[in-house]
Amino acid sequence: MKPFKFRVWHKPSKTWVSTEIVLYHDGKVDMCTAYENLDITDNEDFEISYSTGLFDYKGNYFYTGCVFECFGERFILENENGYFECVNLNNQKRYYFGDFMTNGDEIIGRLRKISEIIGDKFENPELLNIK
């Protein structure tokens, strides 16, 4: 079983926090850094970015908030109500991440080969603007 991967974005400093995250069964989230243990469950200063466990053709993990290009279109990966969704930034059409994988491993393999993560909404917010 693959471990869950997370990243934590600190909004005020606009930086990724080097951290370990502990998830509890009651939904509480603790962030453990070298400096402190901090409950970030409802802390507006932090945003948790979740990994799907999949990666693009360069080996970069798909995390929520990542912006990627696939099928000649640009998408952002979001986590809505516990489901990964890809939002087409050209037309705002939403797809469950699973829709890209409806044919099983064949589509997952193709997605890995043809998609490229080009940044994320945190460090590269300009990628969200399509002209």
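**Close-up views of a predicted model**

**View 1. Aromatic pairs in the predicted model.** Seven aromatic pairs are counted in this predicted structure. In one of them, the ring centres of Trp-9 and Trp-16 are 5.0 Å apart and the planes meet at 70 degrees, so the arrangement is edge-to-face. Trp-9 has a relative accessibility of 6% and therefore counts as buried, whereas Trp-16, at 25%, counts as partly exposed. Ring pairs also bring in Phe-122, which forms a cluster with Trp-9 and Trp-16.

**View 2. The ring pair of Phe-55 and Tyr-61.** The aromatic pair formed by Phe-55 and Tyr-61 is edge-to-face, with 6.2 Å from centre to centre and 75 degrees between the planes. Phe-55 is partly exposed, its relative accessible area being 28%. Tyr-61 likewise counts as partly exposed, at 31% relative accessibility.

**View 3. Arg-7 over the ring of Tyr-63.** The view shows Arg-7 placed over the face of Tyr-63. The distance to the ring centre is 4.3 Å.

**View 4. The open sheet of five strands.** The strands follow the order S11-S10-S9-S8-S12 and pair in the antiparallel sense. Strand S11 (94-96) and S12 are the edge strands, each pairing on one side only. From one strand to the next, the twist averages 35 degrees.

**View 5. Strand S8 and its two partners.** Strand S8 (residues 66-70) has four of its five residues buried, so the rest of the structure largely encloses this strand. S8 runs antiparallel to S12, and four bridges join the two; in S12, Ile-117 is the bridge partner of Phe-68. S8 also pairs with strand S9 (residues 73-80), again in the antiparallel sense and over four bridges. Here Glu-69 has Arg-74 of S9 as its bridge partner.

**View 6. The hairpin of S8 and S9.** Two residues lie between S8 and S9 in this hairpin. In the turn, Phe-71 has a positive phi of about 55 degrees.

**View 7. Confidence along the predicted chain.** The average pLDDT of the protein is 76, and 65% of the residues score at least 70. The pLDDT falls below 50 over residues 102-107, a stretch that has two contacts in the model beyond near neighbours in sequence.

Methods: Residues numbered from 1 in each chain as written. Predicted model: local features only at pLDDT ≥ 70, side-chain atom pairs only at ≥ 80, totals over all residues. Heavy atoms only, no water. pLDDT = per-residue confidence, 0-100. Contact = heavy atoms within 4.5 Å. Buried < 20%, exposed > 50% of the residue type's maximum accessible area, 1.4 Å probe, protein only. Pairing = 2+ DSSP bridges. Axes fitted to C-alpha atoms, helices over the stretch in contact; angles between N-to-C directions. Phe/Tyr/Trp six-rings, centres within 6.5 Å; stacked < 30°, edge-to-face > 60°. Lys NZ or Arg CZ within 6 Å of the ring centre and 35° of its normal.
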